[in-house]
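Notebook open, model loaded. I'm jotting down what I looked up, in the order I went.

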Amino acid sequence: MAENLGMPDRYGLSLTPTLHRRTERRTDPSNNQLPPGFVAVITGAGQGITMALSFAKAQASGISISSLTQPELDKLADELREINPKLKVLAMYSS
């Protein structure tokens, strides 16, 4: 069984025990070339600001961000667009 989800192994779920809230130098998207049309999905954008900013600096085509608070989300979306004006941002919040 996949840990914490109660789903059968055949579902192919593999969960990492570590949550990454910031990038490391060698894995930082801004230090690596992203393929054309690359879209990043950042959940919990209030905690993943550094990760989202790194993808914007790396010239991602789009970023989907989500958060529980709209003011944080709006501020982050504006920052992302400042870094990369061509970036398509999808911002979703849950109230």
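How many aromatic pairs does a search of the whole structure find? I got one, with rings of Phe, Tyr and Trp (its six-membered ring) counted as a pair if their centres lie within 6.5 Å. Before going on, I noted that this is a predicted model, where local features need pLDDT of at least 70 and side-chain atom pairs count only at pLDDT 80 or more, while totals for chains, interfaces and linings use all residues. Residues are numbered from 1 along each chain as its sequence is written, and side-chain values use heavy atoms, with hydrogens and water left out.

**The ring pair.** The partners are phenylalanine 38 and phenylalanine 55, with ring centres 5.6 Å apart and planes at 15°, so I logged the pair as stacked (planes under 30 degrees apart; over 60 is edge-to-face and the rest tilted). Phenylalanine 38 sits in the segment before strand S1 (39-42) and phenylalanine 55 in helix H1, so the pair ties together parts 17 residues apart in sequence. Helices (H or I, at least four residues) and strands (E, at least two) are DSSP runs, numbered from the N terminus.

Buried or exposed? The cut-offs are under 20% relative accessible area for buried, over 50% for exposed and partly exposed in between (1.4 Å probe, protein chains only).

I then looked at H1 against helix H2 (residues 70-83): their axes are 9 Å apart, at an angle of about 25°. Axes are lines fitted to C-alpha atoms, for helices over the stretch in contact, and angles run from 0 to 180 degrees between N-to-C directions. H1 and H2 are therefore roughly parallel (under 35 degrees; over 145 is roughly antiparallel, 65 to 115 roughly perpendicular, the rest oblique). H1 brings Ile49, Ala52, Leu53, Ala56 and Lys57 to the contact, and H2 brings Leu76, Glu79, Leu80 and Ile83; contact means heavy atoms within 4.5 Å.

Glutamine 59 lies in the loop between H1 (49-57) and strand S2 (62-67). Its phi is near 65°, positive although the residue is not glycine.

**Whole chain.** I counted two helices and three strands, in the order β-α-β-α-β. Of the 95 residues, 31% are buried.
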